[in-house]
Amino acid sequence: MKTHQFEVLVVGAGGAGLMAGLYASRTAKTAIISKLYPTRSHTGAAQGGVGAALGSSEEDHPEWHTYDTVKGSDYLGDQDAIEFMCEEAVAAVYELEHMGLPFDRTPEGKISQRPFGGHTNNVTGKPVMRACHAADRTGHMILQTLYQQCIKNNVTFFDEYQVVDLLMTNGKAAGVVAIEIATGEMHVFQAKAVIFATGGHGRIWEITSNAYAYTGDGVAITLRRGIPAEDMEFFQFHPTGIYKLGILITEGVRGEGGILINGKGERFMEKYAPTVKDLASRDVISRAIYMEVRDGNGVNGKNYVYLDVRPESVNHYAALDGRKRPDGSPFVVTGEEILSKLPDIVDFCRVYLGVDPITQPMPIQPTAHYAMGGIPTNQFGEVKKDENKTIIPGLYAAGECACVSVHGANRLGTNSLLDIIVFGKHAGLRAAEFSKGADFQPLPADPTAFAQAQFEGFLKGDGRENAFDIAMEMKKVMFDDMGIFRSGKGMQNALEKVRELKERFKHVRVQDTGKIFNMDLINAWELGNLLDLAEVTTVSALARTESRGGHSREDYPSRDDQNWLKHTFAWVNETGKIELKYQPVTITKYQPKARVY
Amino acid sequence: MQVTIKVFRYNPEKDKKPHYETYQLEADPTDRVLDLLEKVKGYKDGTLSFRRSCAHGVCGSDAMRINGSNKLACKALVHDFGAKITVEPILGLRVIKDLIVDMEPFFDNFRKVLPYFINDDPAPEKERYQSQEDRERFDDTTKCILCAACTTSCPSFWASDEYLGPSAIVNAHRFIFDSRDQGAAQRLKIMNEIMGVSRCHTVFNCTLACPREIQITKAIGEVKKALMTGSLE
Ligand SMILES: Cc1cc2nc3c(=O)[nH]c(=O)nc-3n(C[C@H](O)[C@H](O)[C@H](O)COP(=O)(O)OP(=O)(O)OC[C@H]3O[C@@H](n4cnc5c(N)ncnc54)[C@H](O)[C@@H]3O)c2cc1C
Ligand code: FES
């Protein structure tokens, strides 16, 4: 066992982790630990853009961005945190540009922006250009740029180290335990401050846009250490995933004029969101697709619809909508322009579907996409240990694994890339500042015991069960019963199934008994995390007897502000039982009202 | 369809030398080779080890040799290869286990080319302006995902991993031709060193191997030209 000591430890090297590491390392001895090489992190998969009211080509204001985010969250987002994020957004995006990020440009040479779902001009209600983009690989550019800055600033990395436990002493963060994947050796990292930035957990669902690495490690680890998880019932289904594969087709396609068409050739979003149509919020569109399919309007009677970005379709509907360019000229596109703005999307469709989006519509279905819930924090990344906002000294979280909450019940597109740069930075700053006035906490006598026990279990199982089967069964039931539409009966079924799978999981025995790159063992541990989070998600969802944002119940179809304008806090107690408590939503300027697009 | 997949296997804790294992699988023609590897791992042999994450060609984890050419397993579909598929680790980097190679020499080379934005002028309050033409100048080389498919297809890199290799040069190009950057002279000096661009003999393997379709040989050519003419035009 090797031990290391750092003032600040960042777990995760995606956008949130790198931003935290960059800022913390300016004043504190810092290391970033990541199970993947930093540039493999899922931030690199983000396509469409990062939101900020720069107003490059038309009028926009941080207050509009704030209101849109509050509305998009179905009023579950905490308004103080949302306002903070949207105010910080403008400087944060300029800072990325100063770090060299190659944004696309307007004809005047400014950062180019495109419309995105739910982002509007608050006066006219029409879509506003707020998503700052670099083609359809904005996340790739953010990840690369931040990693490049870390190299420039000599930030210390432990690449391909899997963090498997959080150490706490006297109620304060004391460090983490990690496995060096290349050797199988356990390392103990002692620290004054620990920042979790481990990303999401979309691998719980069958059809997903999420990477294999999205196994919710951070949330699962903290739950095991008695820290609650907030709003886990809210998980976003993105309306446009590639049929069957779930690979994401960015909302930027609709920002560039693409429209959704059902099996009858109708532009169905007119029915569901008369003002912004195809640029409504994601939850609204995913439900619309589901209902179209249910009413027999899928393509060829199947469970998919078309996303159409062929120039003739775009131009036809843009003319009907009276859509104009910022200079007042009519909105007209060519195939070449589409290709230059969405090169990766065109490539994905050609490779995986054999479809050319310039000449053919793309078959799409909703795909599991984003965790609104996670480790509860305030706007400085400080982790809350209860519903009374009590802080755990030295523990921080940022990015998709955290719940600030700025996304509430439904995240707006472009707000996650914003979340990771704003809250990554502030978590880094706070953690460094905290570490200056704090001492190292003593490590427990046998710091790796808890982690060791979990891993040894996988070598001792009786082998009656296969981990791959268990994963498949979890994904299927979660997609069927804990997806876009939910009901008490379905969720109960999912809960029973997940509990059965958790029992069966105890019989899994990994085949690989070696030390070096034992991915068999690590993947088994990750599956355990997914199962834990699937259970917490389902229990949190069953309790919430209303529909709000991404949580949509057929048996409770309306939002219930009287009883449910509150955040769920879920704990797993020593016996494995899940306990729920609630915290009121912070409302500053915007009183909840009906949400119409 | 039935697919026979032959996989390079090496476990340093057990094997004296590498060998191949063959597995029969039922597959869809549109399955990814990565899906096959997952199935082998899930049902046939849990000890099979490889890296992967995004599963759609953007994270750069799973470059491997598939029927002899460098591909991302997640972007290689069964119907492109037929019923017999051979999967091996990329060449020129030490094999650690099965399909996993030691990426450190590759990242070391990346770090040598000053792969970060250099501009010491005080930043303006808003963005630094850049024309669409200037932005377009280096667009192609911003696509690199550091998967190493290009570098490990290059005979010069096989001859010596001290050679910076195509990927590192691509990343140097990304900054050399960025009108906002001021580090071109320093980087060109590195490009001119003995293990720099002169080792490129325009074999074109790299360009064919790139899963992002970056025109790598062209980019290297532009760096060579900048060295010869002393101009970035
Ligand atoms: C396909 C796709 C497109 C998207 N497009 C957009 C968009 O256009 N705009 C937008 O705003 N958002 C978008 N999102 C969402 C957004 O990209 C993510 O929410 C965000 O990038 C998450 O960043 P992160 O830093 O929290 O996590 P990540 O970037 O995923 O990083 C997680 C890090 O944690 C590490 N890690 C995890 N577990 C462990 C462990 N146990 N030990 C050590 N390290 C660990 C990983 O190695 C990784 O480095 C998109 C998401 C997807 C999937
Ligand atoms: S798994 Fe990400 S590139 Fe293949």
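Colleague: How far apart do the C-alpha centres of domain 1 of chain B and domain 2 of chain B lie?

Modeller: In this predicted model, the two C-alpha centres lie 29 Å apart. Domain 1 of chain B covers residues 2–101, and domain 2 of chain B covers residues 104–229.

Colleague: How many residues does the contact take from domain 1 of chain B and from domain 2 of chain B?

Modeller: Twelve residues come from domain 1 of chain B and 14 residues from domain 2 of chain B. Contact here requires heavy atoms within 4.5 Å.

Colleague: What area do domain 1 of chain B and domain 2 of chain B bury between them?

Modeller: About 1000 Å², with 63% of it on carbon and sulfur atoms. On the side of domain 1 of chain B, 43% of the area buried against domain 2 of chain B is supplied by N70(B), L91(B) and L93(B), more than by any other three residues.

Colleague: How many salt bridges does the rule find across the interface of domain 1 of chain B and domain 2 of chain B?

Modeller: Zero salt bridges. There are three residue pairs in polar contact between the two domains, counting pairs with both residues at pLDDT 80 or more. By class, the side of domain 1 of chain B that touches domain 2 of chain B has seven nonpolar, four polar and one charged residues.

Colleague: Turning to the two chains, what makes the pair D139(B) and R137(A) a salt bridge?

Modeller: The N to O distance between their side chains is 3.1 Å. The rule asks for a side-chain nitrogen of Lys or Arg within 4 Å of a carboxyl oxygen of Asp or Glu, so the pair qualifies. Across the interface of chain B and chain A the rule finds seven salt bridges, and it also finds 37 residue pairs in polar contact, with both residues at pLDDT 80 or more.

Colleague: Why is T414(A) called buried?

Modeller: Its relative accessibility is 4%, and the cut-off for buried is under 20%, so T414(A) counts as buried. T414(A) lies in the loop between β18 and α12 of chain A. Phi of T414(A) is positive, about 80°, although T414(A) is not a glycine.

Colleague: Is L146(B) buried or exposed, and how do you know?

Modeller: At 0% relative accessibility, L146(B) is under the 20% cut-off and therefore counts as buried. L146(B) is found in the loop between α3 and α4 (155–159) of chain B.

Colleague: Why is the peptide bond from V404(A) to S405(A) called cis?

Modeller: Omega of this bond is near 0°. Most peptide bonds are trans. S405(A) lies in the loop between β18 (402–403) and α12 (415–436) of chain A.

Note on methods
Residues numbered from 1 in each chain as written. Chains lettered and ligands numbered in written order. Predicted model: local features only at pLDDT ≥ 70, side-chain atom pairs only at ≥ 80, totals over all residues. Heavy atoms only, no water. Polar contact = N/O pair within 3.5 Å; in protein donor to acceptor, adjacent residues only side chain to side chain. Domains from an automatic or database assignment. Buried area = accessible area lost by both parts, 1.4 Å probe. Nonpolar A, V, L, I, M, F, W, Y, C, P; charged D, E, K, R; others polar. Helix = DSSP H or I, 4+ residues; strand = E, 2+ residues; numbered from the N terminus. Buried < 20%, exposed > 50% of the residue type's maximum accessible area, 1.4 Å probe, protein only.
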